[in-house]
Amino acid sequence: MANTYDFGLVGLGVMGRNFILNVADNGFTAFGNDLDKEKVNALIEEGGDTHKVNADVDASNFVSALSKPRKIMLLVPAGKVVDIVIESLLPYLDEGDIIIDGGNSFFTDTDRREAYLKEKGINFFGAGVSGGAKGARKGPSIMPGGSRDAYQFVKPIFEAVAAKYKGEPCVTYLGPKSAGNYVKMVHNGIEYGLMQLTSEIYDLLKKAGGLTNEEQHKTFAEWNSGRLQSFLVEITSEILTQKDDLTDGDLVDMILDKAKQKGTGKWTSQNAMDLGIPVPTIDIAVSMREISALKDERIKADEIYDRPSPESVVKDTLTSKAEKALYFAFIMAYAQGMHQLADASKEYGYELDLGEIAKIWRAGCIIRAALLADITDAFKAQPDLPNLLLSPSFTEKVKETVAATRELVAYGATSGIPLPGLSNALTYFDAYTSSRLPLNMIQAQRDYFGSHTYERLDREGIFHTEWEN
Ligand code: 6PG
């Protein structure tokens, strides 16, 4: 058994077990490791017949079972555990071996680990894996970053297990150091934005149009066969048809309206602020999860303040406008995420290829959508495109959907239905496409109270005015 297995995986939770079985399904031999004996036994039992999967609780047995250079993937919770696992493996590793962190690690942690392991001759990859448990088993989108030379050893396995879009694997080498984790972080930021937007449309259809869950199920399903085709629209439709086991109603109506988060959306927003890149649709999606957590306060405030009753609307026109608004806002969320990636690439030296990133998001991952094929084409045609809104192929899509978005945002405001993601997407668009913004006033105010100076429209130079004279 020594030095024969093609691939090693530490962390045999749901994701890890599914990933390793996927590797074995694709003709590679794989060896698992977990401190939990039960998980080790469960994997041996599940993969036993294939003779391609084995596992052991002991780190030394695990490492020596693998062929060199060893390719060891970690699917363990992000944070301290990753460092602990790395330390437990180190005594048994040889120069040239490869460790791949498949979790949602913060990108600066990946940079630190990469530098630390490089000194020991070990290659370290941060590889975002998207698609949940089902994706891990049947084909995720994989976002690896690390040493380009070492990637050749991982490539055949990743390309075999990744989701395929028209035969093309949803994985590619993204860049050095933490490029993979960074791209996955922004993927998750976009994911937060799309989820927030979808939930607002669901709310609007319910409160303004009075659509039942069944009607909404059909509406989202219909959208999913058009230009809005995406994993999140598809599962929204499925969710709306799920019956509750414990009552006679639908499950979605019984779920507490407090959304949890593990932090990747917040990191995307925080880092966008550091870089000076506006991603308001992602920011508001994070804030809405925070507002949702204030359930008790919201209940009290709801009793204090009156809310206008929604004006009645014609269902059919509402549904068609909602489709347009959701499409418009999805574009804004992707535009902001791609913009952040472009800037981060320069700042951190990732040399990201945005067309390739959009390409590997077309299948397998949570934000997969028909739109990503168009985004891929836009960046392939113009690799240094500063913003999707400037791509000729997006102009018509945006022009055709913005009016409906305006109508719904206005409707939400007068009817007291919160549409923060939608209105934010619209505001982002209006601001980004305004050649003149009122920020001249802010500059004047800064100069007025703090002598911070300003520039002028009509001549070069830095100016200051004694305003109070
Ligand atoms: C994916 C997801 C996944 C993430 C969950 C939960 O791409 O498969 O992004 O990595 O962990 O979506 O994230 P939150 O708990 O922050 O909502």
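Helices here are DSSP runs of at least four residues, numbered from the N terminus. The views below all come from a predicted model.

View 1. Phenylalanine 220 and tryptophan 223 both belong to helix H9, which covers residues 213-223. They sit three residues apart, about one turn of the helix. The model has 19 aromatic pairs, and this one is edge-to-face, with 5.0 Å from centre to centre and 70° between the planes. Buried or exposed? Both phenylalanine 220 and tryptophan 223 are buried.

**View 2. A phenylalanine pair links helix H15 with helix H19.** Phenylalanine 328 and phenylalanine 429 make another edge-to-face pair, 5.4 Å centre to centre with 80° between the planes. This pair ties together distant parts of the chain: phenylalanine 328 is in helix H15 (residues 315-348), while phenylalanine 429 is in helix H19 (residues 420-432), 101 residues apart. Phenylalanine 328 counts as buried because its relative accessibility is 0%.

**View 3. Several aromatic residues gather in one cluster.** Take a look at Phe106, Phe107, Tyr182, Trp267, Tyr348 and Tyr350: together they form one aromatic cluster.

**View 4. Arginine 227 lies over a tyrosine ring.** Which ring does arginine 227 lie over? The answer is tyrosine 327, and arginine 227 is over its face at 4.5 Å from the ring centre.

**View 5. Arginine 289 sits over tyrosine 192.** Here the charged end of arginine 289 is placed over the ring of tyrosine 192. The distance to the centre of that ring is 3.6 Å.

Methods: Residues numbered from 1 in each chain as written. Predicted model: local features only at pLDDT ≥ 70, side-chain atom pairs only at ≥ 80, totals over all residues. Heavy atoms only, no water. Phe/Tyr/Trp six-rings, centres within 6.5 Å; stacked < 30°, edge-to-face > 60°. Helix = DSSP H or I, 4+ residues; strand = E, 2+ residues; numbered from the N terminus. Buried < 20%, exposed > 50% of the residue type's maximum accessible area, 1.4 Å probe, protein only. Lys NZ or Arg CZ within 6 Å of the ring centre and 35° of its normal.
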